[in-house]
Amino acid sequence: MTRRVVVTGIGCVSSLGVGTSALWEGLVRARTAITPTRLVQAGLEVTLPAAPVTGFVPLDHFTADELPMRDAFAQYAVVAAREAMRDAGLGRGETIPGDTAVVLGSGGGGEHTREEAAVRLFGERKLRCSPMLVPKTNNQAAVGFVSMEFQVTGPSFVISTGCAAATHAIAQAFHMIRHGVVRRAITGGSEAPVALSVFQAFDAARVLSHTTCRPFSRERDGMVIGEGGGILVLEELESARKRGAFIYAEVLGAGMSADASSSVYPREQGPAQAIAMALREARLNADQIDYINAHGTGTQVNDRVETMAIKLAFGEHARELTVSSTKSLHGHTFGGAGGIETVATLLALKHGVAPPTVNYLGPDADCDLDYAPNDPKPRRIDVALKQSFAFGGLNAVLVLRRDVVQ
Amino acid sequence: MEDQSNEAVDAGIYEALRIVKPSLADEVLTPKTRFNTLSLQSIDMMTVVFEMEERFGVSIVDQQLDTFRTVEEARETVQKLLHAKTSQPSV
């Protein structure tokens with residue numbers, strides 16, 4: 001017997017601001033957070049477009065004693081989790097400790113702290129590292145802090161599939177509740193990759209834009225790195241109903257797949273297979289989907305292949321869909337992306353508005369769907385998909401339906 | 001760096017403590033202060049020793065000398081190591 005799983009709380013820290021209201025306002029006002037960003041480290045300097053989290057004051061959220069051990073990516077996760085738990089009407093001590101999971105995505109862990117340690121070690125040639133370096137930078141640090149924050153003692157771990165990590169994490173948490181492993185989960189992901197070494201690494205792979213992020217548009221020239229975190233509280237339907245919780249949506253299915261083809265060059269069959277798997281689990285037909293929150297990085301290849309995958313999975317219905325990439329507004333937050341973008345998708349379901357794909361200059365021959373260019377698109381959205389793809393050819397797709405249908 | 005006054009070494013130890021635990025800025029620290037009264041976790045204490053090594057340019061952990069219980073004892077360890085440095089002939 002499987003259980004039904006619903007979303008009862010959402011939380012977010014993004015370059016559009018702290019909180020889900022700031023995220024939604026930025027999205028529907030089509031106000032991109034992407035800005036020329038100067039990064040300096042060890043006497044080196046680079047300026048590239050990025051979407052850093054500004055206006056986040058760590059001391060507003062943590063005591064001074066808590067900060068030395070917490071890299072920004074862990075701070076974002078905890079602050080987003082607090083909002084999500086508050087939103088769900090659950091406080092500290094109300095989590096059914098052993099029956100709640102924490103499953104978070106992070107691609108790179110404490111990138112800032114690791115970069116500073118590398119400067120010290122190799123640049124300044126100081127052999128001894130801070131004893132806090134490992135517990136502060138490892139990818140599971142955020143999971144540990146979230147479990148401590150809410151005294152959760154159930155299954156807790158990190159999923160580290162780069163740009164798909166948070167979507168994989170939500171998929172895993174969903175399946176754990178669906179199959180009776182736990183009753184609730186705090187899930188999503190976070191990342192703080194606005195660091196010079198990360199920029200240079202991605203720039204070397206020629207995937208970074210030097211202008212801005214314009215997904216699915218002509219003249220698109222790459223992605224823009226952002227930071228932040230997005231967290232959901234997932235809960236078994238019956239438990240949510242019993243306590244009268246507000247339900248954002250039911251998670252109906254999750255699909256996952258590997259392209260098994262190339263580390264960096266995606267194939268449309270992989271994502272299409274994940275979409276089909278998600279729809280199968282959701283017991284929905286392709287023509288029941290209204291909106292897709294796309295991976296939409298803004299690279300030439302991703303957006304072309306993602307469009308092909310949507311056509312492959314949806315056939316004629318692809319023309320009826322609205323597909324948008326909110327990365328054009330808050331940047332690509334890697335392991336946090338699936339968290340922030342699933343929050344955006346849930347708000348799209350709630351408000352009946354597809355957030356726009358901004359910086360759009362006009363159609364590209366390879367990208368010919370409805371991308372909600374530049375302006376939010378009010379439309380009926382009953383069922384939405386969130387999809388994320390990662391280097392390695394790893395794909396994850398979620399199906400979310402606004403109404404809990406009997 | 002070498003031949004520092006006891007007061008200067010104490011001040012360096014207080015500084016190391018306050019980097020790891022900023023709220024100690026509000027507490028009176030003295031040479032008699034015992035580290036185990038400061039609510040430091042083991043990783044915090046390791047980091048205090050790391051910060052002391054940074055400040056004084058000495059190696060405490062490698063010589064297994066991180067056994068002090070009070071600021072005063074820590075100062076004695078640091079002073080011994082600083083003195084050993086000054087008495088070594090420079091090559």
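Strands, like helices, are taken here as DSSP runs, a strand having at least two residues, and both are numbered from the N terminus. In this predicted model, Leu39(A) belongs to one such run, strand E3, which covers residues 35-41 of chain A.

Chain A as a whole contains 13 helices and 16 strands. Its C-alpha atoms occupy a box of roughly 60 × 50 × 40 Å along the principal axes. Of the 406 residues in chain A, 60% count as buried. The contacts of the chain were also examined by separation in sequence. Among those between residues at least 6 apart, 81% join residues at least 24 apart.

When neighbours within four places in sequence are left aside, Leu39(A) is in contact with Glu45(A), Val46(A), Ala195(A), Leu196(A) and Phe199(A).

Backbone geometry was considered next, at two loop residues. In chain A, Ala260(A) is located in the loop that runs between strand E10 (249-258) and helix H10 (269-282). The phi angle of Ala260(A) is near 50°, a positive value in a residue other than glycine. Ala260(A) counts as exposed because 11 C-beta neighbours lie inside 10 Å, the limit for this class being 12 or fewer.

In chain B, a positive phi is found at Gln64(B), where the angle is near 55° and the residue is again other than glycine. Gln64(B) is placed in a loop as well, between helix H2 (42-56) and helix H3 (71-87) of chain B. With 7 C-beta neighbours inside 10 Å, Gln64(B) is therefore classed as exposed.

The two chains also touch one another. Nine residues of chain A are in contact with nine residues of chain B. On the side of chain A that touches chain B, the residues comprise five nonpolar, two polar and two charged.

Technical notes
Residues are numbered from 1 along each chain as its sequence is written. Chains are lettered from A and ligands numbered from 1 in the order in which they are written. This is a predicted model: local features need pLDDT of at least 70, side-chain atom pairs count only at pLDDT 80 or more; totals for chains, interfaces and linings use all residues. Helices (H or I, at least four residues) and strands (E, at least two) are DSSP runs, numbered from the N terminus. A residue is buried if 20 or more other C-beta atoms lie within 10 Å of its own, exposed if 12 or fewer, and partly exposed in between; C-beta atoms are placed from the backbone. Two residues are in contact if their C-beta atoms, placed from the backbone, lie within 7 Å. Ala, Val, Leu, Ile, Met, Phe, Trp, Tyr, Cys and Pro count as nonpolar, Asp, Glu, Lys and Arg as charged, and the others, Gly among them, as polar.
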